[in-house]
Amino acid sequence: MNDIGNVDTADSDPDDDWSTRHSVLRTAHRTAALVNVLGGPAPEVEAVRAVLREYGEDDPLDLTAEDVRAMRTAAAALRDVFAAPDVDAAAHRLNRVLAEHCGPVRLTAHGGGTPWHPHLDSDDEAPWAEWLLASSCMALTVLVWDRQRPPGGLCASPRCANVYIAVGGGAARRYCSRRCATRERVASHRRAKEAAAGA
């Protein structure tokens with residue numbers, strides 16, 4: 001199980017560059033993707049494996065239904081960080097998860113298979129749920145530190161339960177995707193039209 005590398009993404013092909021594949025931002029996006037897939041009513045092991053592969057984990061992925069159940073508990077703790085209304089709440093919630101579930105920082109190269117990078121889990125063969133909490137907390141902590149704002153949020157669409165990573169400047173993001181934003185804009189426009197017609 002890999003963890004995070006650098007904060008910035010590189011210009012090279014992400015499939016060829018370890019530091020890009022395991023950057024803080026990519027790890028944060030992986031966190032959101034895992035929280036979303038694990039937050040469903042009954043996540044399949046293969047769906048979780050697919051997210052792990054998409055974000056750079058190598059096969060074979062020894063992941064069981066019991067691992068997924070434990071990861072769901074970890075994802076619920078991480079969802080609470082995404083639900084934080086401001087940076088102070090996000091920092092306090094991250095501190096709680098770090099204190100309860102993460103170990104001291106250590107460096108690993110996975111036996112020489114990767115560049116040296118930090119981990120907060122107990123060892124390179126830690127259970128999946130421990131790894132998810134540790135690697136996710138590391139990435140979300142760096143984002144809070146770097147940007148001084150919450151690392152992400154919960155989709156504002158009442159029909160969606162997804163979390164997202166907030167990137168870029170400008171207005172605060174409210175939706176997990178353009179699809180949700182468009183759907184809610186259309187619904188709002190229809191409600192306004194109906195209200196005007198009723199008046």
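Buried means under 20% relative accessible area, exposed means over 50%, and partly exposed lies in between, as judged with a 1.4 Å probe on protein chains only. The model is predicted, so local features need pLDDT of at least 70 and side-chain atom pairs count only at pLDDT 80 or more, while totals for chains, interfaces and linings use all residues. Residues are numbered from 1 along each chain as its sequence is written, and side-chain values use heavy atoms, with hydrogens and water left out.

**View 1. R159 and E184 meet in a salt bridge.** A salt bridge here is a side-chain nitrogen of Lys or Arg within 4 Å of a carboxyl oxygen of Asp or Glu, and the structure holds 11 of them. Between R159 and E184 the N to O distance is 3.6 Å. This pair links distant parts of the chain, 25 residues apart, with R159 in the loop between β3 (152–154) and β4 (163–165) and E184 in helix α7 (residues 178–198); helices (H or I, at least four residues) and strands (E, at least two) are DSSP runs numbered from the N terminus. R159 counts as exposed at 57% relative accessibility, whereas E184, at 10%, counts as buried.

**View 2. R183 forms a salt bridge with E184.** The closest N and O atoms of R183 and E184 are 3.8 Å apart. R183 has a relative accessible area of 24% and is therefore partly exposed.
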